[in-house]
Amino acid sequence: MRSSIPNAKRIVVKVGTSTLTHDNGTINLVRMDKLARILSDLVNQGKQIILVSSGAIAVGVNKLKMTERPKTTPAKQAAAAVGQSELMHLYAKFFSEYGHIVAQVLLTKDVVETQPQRTNVINTFDNLLSSAIIPIVNENDTVATDEIEFGDNDTLSALVATLVDANLLILLSDIEGLYDADPHKHPQAKLIPTVEAITPAIIALAGGAGSTRGTGGMATKIKAAKIATQAHIAMIITDGSKPENLIPLLEGQAIGTFFKPV
């Protein structure tokens, strides 16, 4: 089922806050650098890469020396405003070290659901990718409200994948993939290498939110898988702490959990 993966040209990669930061909330610079190097090499191979990156609020919290993640919407938006610019500065620095240009794309749900904004976004992505520029996408946290927010970047990445007609969606997580039980509570839990359909049994395997630094979890990843696979896009969940695994993964090796497209 993974035989088509080496031929995937347009790939959306989503990285979560827990992958980009240490347990104490500070930025994991080594991991960011490694991710930039691997993605740059994929672009050198002729792949078109879109990076959906969380982390703006967490980076802003660290930058502002806040003791905990803010709870009110205005405080979260302020932290995101500070953190997003810092995050993009770091991405621009790391990718430039490997000879690549990045572009910031901030989205809200109304933009991708409404014409002509949707068409404009698609055209922007197409132009960036045709110029070998790496779009870095995040939700526009500073203006998002309940009515126009995606809620989590797993969902956002799946919607972006459908928007750009991607061949593959890869979610870099704090876990190797989908297990038949919670591996944090059950050491004997086994990785599920392939999911052929999003059944009620698969949905039941997903728990709540993941780390305290992010908003995702396995439940949002299963939701993303449903969006992507129904749009005929394959999806893989794999361990974000090992960005180097992207190379053998894209060669078709059985890494992480593969969700078969409908």
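Q: What makes helix α3 and helix α4 roughly perpendicular to each other?
A: In this predicted model, the axes of helix α3 (residues 56-63) and helix α4 (residues 73-97) come within 6 Å and cross at roughly 95°. Axes are lines fitted to C-alpha atoms, for helices over the stretch in contact, with angles running from 0 to 180 degrees between N-to-C directions. Angles of 65 to 115 degrees count as roughly perpendicular, under 35 as roughly parallel, over 145 as roughly antiparallel and the rest as oblique. The two helices are therefore called roughly perpendicular. Helices (H or I, at least four residues) and strands (E, at least two) are DSSP runs, numbered from the N terminus.

Q: Which residues make the contact of α3 with α4?
A: Contact means heavy atoms within 4.5 Å. On the α3 side, Ala56, Ile57, Val59, Gly60, Val61 and Lys63 take part; among the residues of α4 are Ala79, Val82, Gly83 and Leu87. By class, the contact has 8 nonpolar, 3 polar and 3 charged residues. Here Ala, Val, Leu, Ile, Met, Phe, Trp, Tyr, Cys and Pro count as nonpolar, Asp, Glu, Lys and Arg as charged, and the others, Gly among them, as polar.

Q: Why is the pair of Tyr91 and Phe95 called tilted?
A: Rings of Phe, Tyr and Trp (its six-membered ring) pair if their centres lie within 6.5 Å; planes under 30 degrees apart count as stacked, over 60 as edge-to-face and the rest as tilted. The centres of these two rings are 6.2 Å apart and their planes stand at 40°, so the pair is tilted. Both residues lie in helix α4, 4 residues apart, about one turn of the helix.

Q: How do you know whether Tyr91, Phe95 and Thr238 are buried or exposed?
A: Buried means under 20% relative accessible area, exposed over 50%, and partly exposed in between (1.4 Å probe, protein chains only). Tyr91 has 1% relative accessibility and therefore counts as buried. Phe95, at 1%, is buried as well. Thr238, at 2%, also counts as buried. Thr238 is found in strand β7, and the residues it touches include Ile170, Leu172 and Leu249.

Q: What makes a set of residues a nonpolar core?
A: Such a core is a set of buried Ala, Val, Leu, Ile, Met, Phe, Trp, Tyr and Cys residues joined through side-chain atoms within 4.5 Å. The largest has 39 residues, of which Val12, Leu107, Phe125, Val137 and Leu169 touch the most other members. A second, separate core of 36 residues includes Leu20 and Leu246.

Q: How are residues numbered, and which atoms and pLDDT values count?
A: Residues are numbered from 1 along each chain as its sequence is written, and side-chain values use heavy atoms, leaving out hydrogens and water. Local features need pLDDT of at least 70 and side-chain atom pairs count only at pLDDT 80 or more, while totals for chains, interfaces and linings use all residues.

Terms used:
Lists of a residue's contacts leave out its neighbours within four places in sequence.
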